Structure formats: C-alpha cells, structure tokens
Amino acid sequence: AGVLVAATAVAALIGGGQVTVPGSSVASAGCNGSRSLCDKRLDEVALLATHNSMSAPLPGWFSAEQDAPIEDQIADGVRGLLIDTYEADRLPNGLYRTAFENPEAKKRSEEESGLSPESVAAANRIRERLGFAGEGERGLYLCHGFCELGATSLASVLGDIRRFLVTNPGEVLVIVHQDQISPEDWVGAVRAARLEPFASEGPPEGPWPTLREMVESGRRLVIVNENRSGGAPWNLDAFGEALKETPFAFTSGSELTDPAKLAASCKPNRGPADAPLFQLNHWVNRPPAPRPTDAAKVNAYEPLLARARECERIRGQMPNLIAVNFYRRGDALRVVQALNGLR
C-alpha cells in the first residue's frame with residue numbers, strides 16, 4: 001500500500017499540482033543530498049554549476065562545452081545551470097535561424113557569447129546559406145550565441161528540470177539565465193512548464209533562507225537573469241543585486257592553477273560587492289572551441305579547491321556556484337563536497 005501511495009503522489013506532482021513535502025521527510029532525506037546542509041542558508045552552500053549548460057554533444061550541435069545534456073547533468077549532481085535563451089526559426093530542413101531583433105542585437109550576441117572568430121564566421125556562413133527570411137516555425141531555444149551552431153528546445157529542458165524537482169523533493173537548483181529573449185517570453189515559458197510553484201522570490205530583506213526552509217516551502221528553484229529581470233517576483237536581477245562573480249576570460253589553464261596568478265583570477269567582475277551569491281567562473285576559453293583536456297587539468301581536485309579557497313579569502317565569501325566546462329573531467333563535484341564540509 002505504501003508503494004502505491006508514493007507512486008500516486010509522484011504521478012500527481014508530475015501531472016499537475018504540487019504535493020507538500022512534510023518537514024520530517026526533509027530531515028530524514030536531507031537537503032541537496034545531506035542532512036548537514038539543511039540548516040545552512042543558500043549563500044552558505046557551494047553548488048556545482050555548468051557553464052553553457054545547453055552546449056552538449058547532441059545532434060545539430062557543432063561543438064560542446066559539457067559532457068552530457070542538462071537532464072544528465074542534474075542527475076549527476078549539478079545544481080547550477082548557466083543557460084542562454086534565444087528566439088529562432090526552425091526551418092523545414094531541420095536547421096535553425098536565430099531571430100535577432102536587429103543588427104545591433106546580433107553584434108551584441110557575438111560579443112557576449114565569447115565565441116571564437118572562427119565560430120562566428122561559421123555561423124554567418126550558415127545564415128547566409130539559409131537566407132534571412134522564409135518559412136520557419138518560431139520558437140524559444142537554448143543556444144550559444146547563434147542557434148545556427150546548435151539549438152535545444154527551451155520547453156524540453158524546463159520539462160526536464162520540473163521532472164527532477166518533482167521526483168527529488170529535497171533538492172535546490174539555481175538557474176543563471178543569459179536572456180536574449182524578453183522577460184515576458186521567459187516568464188511565459190517557465191509558467192507553461194509548470195515551474196512557477198517551485199520558483200523562489202529570494203529574500204525580501206535580509207539573508208537567504210536555509211535549504212530546509214526552501215525545501216519545506218517548495219520554493220527551491222532560484223532564477224536570476226543577466227540582462228532583463230521582471231515580469232514575475234521570482235524573475236530576479238542577477239548582476240544588479242543577486243550575484244557577484246570572478247572574471248571569466250581565461251585563455252590558459254595556468255591562470256586558474258598557478259598560485260602566483262590566483263589573486264588576479266579572483267578579482268571582482270560583474271555584480272555588486274554586497275550581492276548575496278558568489279559565482280566562481282572556472283573554465284578556459286581556447287579558440288576555436290573549449291578542450292576537455294583543459295577542463296581535466298583545471299577541474300582537478302587540488303588546483304580547483306585551492307582557487308576556491310583563495311577566492312573565498314579575497315572576496316570574503318565562499319563561492320556558491322562553481323561553474324566549470326566538461327563537468328565530468330577532474331574532481332569538481334568532490335571539490336564542492338569539500339567546500340560544504342562533506343566527505
């Protein structure tokens with residue numbers, strides 16, 4: 001009978017409304033995999049995050065920055081997702097054409113994406129071949145700079161996230177959203193995926209709630225936007241108020257592993273000094289595409305932990321999001337566990 005009741009509850013969660021999880025179940029199951037984390041605030045916990053989470057070895061993607069799709073990432077222990085959203089037309093031939101508002105928006109995307117000149121040139125060649133008008137089905141996609149170089153349906157990924165949250169009631173996730181779509185479209189997509197009941201509005205004043213409080217309230221999905229917030233109280237402003245970070249334009253592994261260079265790698269980049277959450281950007285940008293071999297070196301246990309500790313000392317706060325490329329290379333998850341005081 002117990003199994004039947006549990007199965008019915010999960011089916012109800014996936015199919016429709018939320019089922020409240022009693023606090024006793026939180027205490028026994030733990031928060032993000034550990035009971036010792038339940039009474040820590042979100043800004044006191046480290047989470048493994050993936051940079052350009054959607055850039056994975058999937059059909060249609062020209063290159064990848066991660067080892068597996070987002071559904072597998074969160075199953076593997078990733079709790080922070082750095083994603084980029086775009087409008088694009090899916091053409092009859094199965095390819096995608098990014099729907100830039102104007103030439104300025106296209107140029108801004110080229111600059112913000114960090115794509116190599118070779119990748120930008122390849123995307124523009126594809127655009128010229130596809131043409132800039134004609135038949136196509138407009139939709140919202142996860143892309144990196146240009147959907148011509150790879151696109152994944154936003155709705156499908158939000159559905160994956162909802163299924164994970166429903167079936168793992170003790171887990172807290174963070175989405176850092178580089179939004180190239182309007183707040184209205186983004187909020188609409190989150191609502192269509194039935195994720196809004198999970199979305200945290202953040203602390204109105206004072207510190208973040210503990211993981212226990214987030215889990216027991218059901219509000220355990222934090223969404224911050226890099227460009228435009230608003231449209232819903234949970235659609236938070238990333239670098240305006242919620243998040244601060246380190247630099248991210250590293251072109252060699254030594255910038256992240258050489259003890260003499262760590263201080264420079266920890267200096268403030270975007271975000272106010274008093275932002276409650278701290279993102280450690282820890283990946284190498286090497287044209288024409290990121291290399292798994294670089295990730296294996298910089299994600300190794302000792303150098304990654306050393307940099308995280310040094311940035312904590314310099315910035316006065318533990319890194320909350322440890323954002324990496326090729327998250328399965330090296331020991332990034334073990335570093336996060338060490339930062340959290342776990343074995």
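Residues are numbered from 1 along each chain as its sequence is written. In this predicted model, local features need pLDDT of at least 70 and side-chain atom pairs count only at pLDDT 80 or more, while totals for chains, interfaces and linings use all residues; side-chain values use heavy atoms, with hydrogens and water left out.

## Overall build

The secondary structure of the chain comes to 14 helices and 11 strands, where helices (H or I, at least four residues) and strands (E, at least two) are DSSP runs numbered from the N terminus. The radius of gyration of the chain is 20 Å, close to the 20 Å that the globule rule gives for 343 residues, so the chain is as compact as a globular protein of that length. This radius is taken over C-alpha atoms, and the globule rule is 2.2 Å times the number of residues to the power 0.38. Along its principal axes, the C-alpha trace spans about 60 × 50 × 35 Å.

Of the 343 residues, 51% count as buried. Buried means under 20% relative accessible area, exposed means over 50%, and partly exposed lies in between (1.4 Å probe, protein chains only). The chain exposes about 14,800 Å², of which carbon and sulfur atoms supply 53%; accessible areas come from the Shrake-Rupley method with a 1.4 Å probe, and for residues only the protein chains shown count as cover. Among contacts (heavy atoms within 4.5 Å) between residues at least 6 apart in sequence, 75% join residues at least 24 apart.

## Disulfides

The structure holds three disulfides, a disulfide being a pair of cysteine sulfur atoms within 2.5 Å. With bonded cysteines counted along the chain, the disulfides follow the pattern 1-2, 3-4, 5-6.

| Disulfide | Sulfur atoms apart |
|---|---|
| Cysteine 31 and cysteine 38 | 2.1 Å |
| Cysteine 143 and cysteine 147 | 2.0 Å |
| Cysteine 266 and cysteine 311 | 2.0 Å |

The torsion about the S-S bond of cysteine 31 and cysteine 38 is about 105 degrees, so this disulfide is right-handed. Cysteine 31 and cysteine 38 are buried. For cysteine 143 and cysteine 147 the S-S torsion is about 95 degrees, so that disulfide is also right-handed, and both of these cysteines are buried.

The torsion about the S-S bond of cysteine 266 and cysteine 311 is about -80 degrees, so the disulfide is left-handed. This pair links distant parts of the chain: cysteine 266 is in the loop between H11 and S10, cysteine 311 is in helix H13, and they are 45 residues apart. Both cysteine 266 and cysteine 311 are buried.

## Salt bridges

A search of the whole structure finds 17 salt bridges, each defined as a side-chain nitrogen of Lys or Arg within 4 Å of a carboxyl oxygen of Asp or Glu.

Arginine 270 takes part in a salt bridge with glutamate 226 (3.3 Å, N to O). The two belong to distant parts of the chain, 44 residues apart: arginine 270 lies in the loop between helix H11 (262–265) and strand S10 (277–282), and glutamate 226 in the loop between strand S7 (221–225) and strand S8 (235–237). The side chain of arginine 270 also meets that of glutamate 245 in a salt bridge (2.5 Å, N to O). Glutamate 245 lies in strand S9 (residues 243–245) and arginine 270 in the loop between H11 and S10, so the pair ties together parts that are 25 residues apart in sequence.

Arginine 270 is partly exposed, with a relative accessible area of 30%. Glutamate 226 is buried at 17%, and glutamate 245 is buried at 0%.

Another salt bridge joins aspartate 294 and arginine 286 (2.7 Å, N to O). Aspartate 294 is buried, with a relative accessible area of 8%, whereas arginine 286 is partly exposed, with a value of 24%. Elsewhere, Arg41, Asp43 and Glu44 are linked in a network of salt bridges.

## Helix H14

In helix H14 (residues 332–339), Ala332, Val335, Val336, Ala338 and Leu339 are buried. Seen down the axis of H14, its buried residues fall within an arc of 160 degrees, so they line one face of the helix; the arc is that of the directions from the helix axis to the C-beta atoms. The buried residues of H14 pack against strand S1 (47–50), helix H13 (301–315) and strand S11 (321–324). Just after H14, glycine 341 takes a positive phi of about 75 degrees.
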